[in-house]
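Have a look at the picture, then read on.

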Amino acid sequence: MTLGQKLYTVWAFFTVNLRRLFRDKTALFFTFLFPLIFLFIFGGLNSGSGDVSFKVAVINNSDQPFAQQFTQQLNKQKTFKIDAGVTNQAAANEKMGRGELDATIELPKGFGKVAVGQTYPTGQAIVRYTQNSQSAAATLTTVLQAELQGINAKFVKTETPLTVTSKQNNERSLSAFDYTFTGLLGFAVLGSGIFGPMSVFPELKKNGVLRRLHTTPLRVWQYFLSVMLGNAVIGLLSLAVMFIVAIVIFKLKIVGNYLELIPFMALGIITILGIGLSIGGWAKNERQAAPVGNIIAFPLMFLSGAFFPRFLMPDWLQNITFFIPLTPIIDGARLIATEGKHLTDLGPQIGVLGVWMVIVYAIAFRVFRWE
Amino acid sequence: MAETILKVDKLTKSYDGQIAVDSISFEVKKGEIFGILGPNGAGKTTTLEMIETLRSIDSGTATIDGVDVAKNPYAIRGMIGVQPQTPGFQDKTKLTELIKMFAAAYGVKVDPKKFLEDVNLGDKANSFVENLSGGQRQRFSITAALVHDPKVFFLDEPTTGLDPQARRNLWKLIEDVRDRGISVILTTHYMDEAEVLCDRIAVMDHGKIIKLDTPKNLIKDLLSRGFSKEQHVEQANLEDVFIDLTGKELHV
């Protein structure tokens, strides 16, 4: 057979199997809808403005009109949300104990009373909090202090020689969603690259499909190459759908170049697929494939930043997890898509992926079994 | 005398010290149907799988048209067609697409329609394998194994589980294949099938070929040793009744 004939074999397998996949509703669900479901769940969780928001209860024990006004003013605050359903300390304590409330603002009896001979109201508000909400309480106290200072200034003219003001920087920083989104891209790559072949290959073996192909002159590399092509095309399509949803619905801002993103993600997809091919190609049946696949896939999922950013990990763990094969995909996607970096800036990521690609495919070819 | 296409010489295979195929030798000629009979565990499938390059050969040689099986497995695979016991085809794939894939596996392009029409499946071109009946599946499996015009065609228990009509239809197909000059090697548990279909038969037991001859000669030999069984007066059996009642035509 000439090389041209051998490559025609690859092409025929690739095209027929691609058409087959679009008839497979289960595969379509896991390829296209499943990652989208995660995108909606996680995207919905942190698509907010990023402002810190506490839940507090306001307990007004004072009968003074000023206390009424002050409570209303607190309601307009954006830093915290007021749980209007809580009106006494006992209920507030219970909710704080369950973590449903971060703190309570108590306006004690007589708060806002205008003392005889004075022109302005006085009083001290109390912030109550639990051990677990110390930082919330500190923030709350500061906010209240600022609030009260503004009021104080209206009643008593004072000089404020030292002040601080905050200004927003125009440069856009990475939002939580940027991390979530690129993490979910990694999750989708992992799903189609490992969980796909992990279930498909044992099935093909069970039905004798691979055994029958084994009686033909088809080479393993031809078969692998056709699977790699198919997986890359389908994987890129599924990522494209995620990008479209993220841009349209979650207002994701892409600053990078798609022409750099596509080959980079294709490299990532093919590398991860090598792990799936190794497991699926080696396993005689699904019972062999599932435990090995899960032992490899789940640590990858949680250590690579697919579900929470790696910068939250301790340094030593960050240093180790930099080298696992899913991390460079997620980091690289974020660096290109949301930070506008170029392929030439991604030396470490491409290097790690390249090394893994050689390793996993060396294993995949070694352990492959037709039946 | 037709030329020899397959030559098996002292072929041996053992698993974990247990001998499965014990130094067997035989030859298959061009354009004959050669049957391998024997009880389960006799070594039939192992013999076929060694010749098909699916299993390593411990000792001995097998050559197809002068090509050594152990030394040139990929060349051999291009020269043989294999129909395994269970026709393994992927689901959700049209018959035409499967033919295209199989031809591609041999590096050739064919007209899938023609191969489907050869086995009366022209109207099923756009069906999936999982929607075919058992007989249709076997017919499809046969035509899929012939896309590259092989020299030798192996069938492992081709008619197991088929109804009488489908079996007869398959016999006819297998004879057509032979008439195209392709040597057919098959295993079976059905003696009537072997008697009708096979030009020569090798009977295997315990990894050895204990007898090899034409069906006629095998029977003649047994009778000449004074064998007789209870005589039946009926000139028909239940299968004849069944065929008479339901016809020879394929039902699906």
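## A helix tucked inside

Let's start with B:Gly107, which follows H3(B) and has a positive phi, near 80°. Helices here are DSSP runs (H or I, at least four residues), numbered from the N terminus. The model is predicted: local features need pLDDT of at least 70, side-chain atom pairs count only at pLDDT 80 or more, and totals for chains, interfaces and linings use all residues. Residues are numbered from 1 along each chain as its sequence is written, chains are lettered from A and ligands numbered from 1 in the order in which they are written, and side-chain values use heavy atoms, with hydrogens and water left out.

Buried means under 20% relative accessible area (1.4 Å probe, protein chains only). Among the buried ones are B:Leu98, B:Met101 and B:Phe102. What covers them includes helices H1 (3-21) and H7 (209-214) of chain A, plus H4 (112-118) and H5 (134-144) of chain B.

## The cores

The largest nonpolar core has 109 residues, and those with the most contacts inside it include A:Leu39, A:Ile194 and B:Phe140. Such a core is a set of buried Ala, Val, Leu, Ile, Met, Phe, Trp, Tyr and Cys residues joined through side-chain atoms within 4.5 Å. Helix H6 (residues 176-206) of chain A gives the most to this core, with 12 residues. A second, separate core has 27 residues, including B:Leu11 and B:Met79.

## Two helices side by side in chain A

H6(A) packs against helix H9 (residues 258-282) of chain A at an angle of about 30°, with the axes 8 Å apart. Axes are lines fitted to C-alpha atoms, for helices over the stretch in contact, and angles run from 0 to 180 degrees between N-to-C directions. The two helices are therefore roughly parallel (angles under 35 degrees count as that, and 65 to 115 as roughly perpendicular).

## A crossing in chain B

Over in chain B, the axes of H6 (residues 164-179) and H9 (residues 238-246) come within 10 Å and cross at roughly 95°. H6(B) and H9(B) are therefore roughly perpendicular to each other. B:Pro164, B:Gln165, B:Arg167 and B:Arg168 in H6(B) meet B:Glu239, B:Phe242, B:Ile243 and B:Thr246 in H9(B).

Conventions. Buried means under 20% relative accessible area, exposed over 50%, partly exposed in between (1.4 Å probe, protein chains only). Angles under 35 degrees count as roughly parallel, over 145 as roughly antiparallel, 65 to 115 as roughly perpendicular and the rest as oblique. Contact means heavy atoms within 4.5 Å.
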